[in-house]
Amino acid sequence: MSLLFGGQAYAHVDYTVLPQNADITTDVITDFAWYEGTQPALANSHDFRWFSFDLTEPSKVNISVAATGAGNFSGSEGPVSSVGALDVAFTLYNGVVPLESIESDTLTGTGFIGFGGFDDQGVATTQDQTTAASAFVGAGPGDVTLGNADGDWATIGYITHVNNGGSGVTELLNNWLLQAGTYTLLVGGASQPIFDVDGITLLNDGSYGLIANLSVQAVPVPGAVWLFGSAIIGLIGCGRRKTVAYNRF
């Protein structure tokens, strides 16, 4: 993508914490990052909103991401001036990449001279690019590896993606069971890049407001499991007592 947008500066991955059971209003800087993540050339990591959230126990989650539409909004991290309605799409991954990760510091794959590139399941290695919707890249779902200038790197594992509607449509992931752990939610626009008549100026580049919400319901451990566990512990204790008694003779 750097050939098309040579003036675009590198940016580093910084996460926005996605709170539980509360809306968060923020934005992305294009309406096409997630779409480009489905293409062979992939997309630029700084065109997405990187959310993270933690689960302390197995839970069923509901995730919604809505477009604010055009206008000025009070954002969770400052004012949001949205130029239009985002074509919402998102991908869910297990784990997080290191803070300040950037494609040029990710030393996996081959990349270009002076750039490390990144590795997406062996599907592609590119300059200053990452993937949002790995399900559509190459042969199928893929993980994303990114690193930072300190030499820290990590791979986040693809779980699922959502892109069912169009511009302004709220996208939903409902009743999805996740284990305890840390997760990445990568949000971007699913529109194709739209160029002006000059073939250079992008018409859907700019701030697009969004409202994300995560609701969490812990999955209780069935009573039968507790009873079974207690029975096992009881048998172990009984066996130990018998062993001690036998050793006395």
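The model is predicted. The two strands involved, β7 and β9, run antiparallel and are joined by five bridges. Strand β9 covers residues 153–162.

Strand β7 spans residues 88–94. It also pairs with β11, residues 181–189, again in the antiparallel sense. Seven bridges link β7 and β11. In this pairing, Asn94 stands opposite Tyr183 of β11.

Now step back to the whole sheet. Strands of a sheet pair through backbone hydrogen bonds, either parallel or antiparallel. Here six strands make an open sheet, with mixed pairing. Their order is β1-β3-β11-β7-β9-β8. Strands β1 (16–17) and β8 (144–147) stand at the edges. Each has a single partner strand, so one side of each has no neighbour in the sheet.

Strand β8 is joined to β9 by four bridges, and the two run antiparallel. Gly147 has Trp153 in β9 as its bridge partner. The hairpin of β8 and β9 has five residues between the strands. In this hairpin, Gly151 takes a positive phi near 90 degrees.

Two asparagines also have positive phi values. For Asn21, phi is near 60 degrees, a positive value in a residue other than glycine. Asn21 sits in the loop between β1 and β2 (23–30). Is Asn21 buried or exposed? Asn21 is exposed, because its relative accessible area is 52%, and exposed means over 50%.

For Asn175, phi is near 55 degrees, also positive in a residue other than glycine. Asn175 lies in strand β10, residues 171–178.

Key. Residues numbered from 1 in each chain as written. Predicted model: local features only at pLDDT ≥ 70, side-chain atom pairs only at ≥ 80, totals over all residues. Heavy atoms only, no water. Pairing = 2+ DSSP bridges. Buried < 20%, exposed > 50% of the residue type's maximum accessible area, 1.4 Å probe, protein only.
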